[in-house]
Amino acid sequence: MALLRVLLIDDEEELVLTLVERLMLRGIEVEGVTSGADAIGRVQEKKFDVAVLDMKMPGIGGLEVMRRIREEQPGIKFLLMTGRGSLEEGEEGMQEGAFAYLLKPINIEDLMKKMMEAVGV
Amino acid sequence: MSEEKRLREKGLAFFGSITASFSHEINNIMAIIAELSGLMEDLLRVADLGHPPQLERFRRISERIGTQVKRGEEMIKRLNRFAHTMDEPVKTIDMTHLLVDLIALSERPRTRRRARLETRFPEETILLVSNPFLLQQAVFSCMELVLDASHDNQLLRLILENQDGGARITVAGEDPIVKTDEAALSFLPVLMEELGGKVEVISTDNGGLSLVLSIPYSLPEDSKKPIDNRRKPDVASGKSTA
């Protein structure tokens, strides 16, 4: 049984692929998608414990994606990824109930730690 | 606000918008490279535990890093060319090259609105003796105006044509206009006057917004001087004095 079920959402496909590989090596059950719309579709089909979400994506904005995922899965925890120039988006996400936000480039061990804390492991 | 001050402020805002968007892209590339190098370290740790190293996987990761490095180099070259458009107020410009660079520079604002871009450039080279920074600012402003005028996901058309030895650039949206940014629209003629050209606002067959820029082969004489940032504002008259 996997430690955690994680949905990773970022419009940079290469970043998603690499983070998925790294999290899988750490025993995490993880799926990656490259748009908010795909993420909303995915949570309608499968339960996740944590959503790791890039706040700045084309199309549906990060905050809106958070709200719509939460409508489908109220218990899901959010970890947000943001650039240094977009700290206010991370803060807004925190006000919307995100567990934490991380600055890109993220440190994988910080991400692991925050995910575990978010679900109380 | 004087027109010169407005030009300066809008120019700085344009420069800021492009560099902010590019620094975001470069940060993304750095994040990807950091993750790929982290993945290599992860695999080395697995190998240290006694599993045979997966050389083919390492080779593929190395290629993926190379791809990102090339992507970053290309972006930095474009950003550098963009920064240098401010060096000279007048130079000979290949309009196709200028627009290709601008398309790359404005990719993020476009993809944020999920816009699709269709371009049509002439086979012959159109050379203008003009101000490259103001030209890019004018076309970028048109793109922003058209994108903001309608819903996301629309088709944006960018057409370059030869016109009486100068250039005609059409930026058109397919979807009907929902709203127009009147302040931004009113600034375009100011910008075009600096370039010795004009702008026409036309409605497309579908009710979309179409902006047509007519740019002469060369700048009017009084526009060839750089904007002097050292001028002191004359508070009483609202004008600038040297």
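Which residue is the bridge partner of A:L79 in strand 5 of chain A? Select A:L79 and look across to strand 5 of chain A: the partner is A:A100. The model on screen is a predicted one.

Next, select residues 77-82 of chain A, which form strand 4. Strand 4 and strand 5 of chain A run in the parallel sense and are joined over 4 bridges.

Now bring in the rest of the sheet. Chain A has an open sheet of 5 strands in the order 2-1-3-4-5, and the pairing is parallel.

Move on to the helices. Select residues 13-25 of chain A for helix 1, which lies across strand 1 (5-9) and strand 2 of chain A. Helix 1 runs at about 180° to strand 2 of chain A. Then select residues 36-43 of chain A: this is helix 2, which packs on the sheet and touches strand 1 and strand 2 of chain A. The direction of helix 2 makes about 160° with that of strand 1 of chain A.

Last stop: show chain B. Here 16 residues of chain A are in contact with 21 residues of chain B. Go back to helix 1 of chain A, which supplies 7 residues, the largest share of the side of chain A that touches chain B. Coloured by class, that side of chain A has 6 nonpolar, 4 polar and 6 charged residues.

Key:
Residues numbered from 1 in each chain as written. Chains lettered and ligands numbered in written order. Predicted model: local features only at pLDDT ≥ 70, side-chain atom pairs only at ≥ 80, totals over all residues. Pairing = 2+ DSSP bridges. Helix = DSSP H or I, 4+ residues; strand = E, 2+ residues; numbered from the N terminus. Contact = placed C-beta atoms within 7 Å. Axes fitted to C-alpha atoms, helices over the stretch in contact; angles between N-to-C directions. Nonpolar A, V, L, I, M, F, W, Y, C, P; charged D, E, K, R; others polar.
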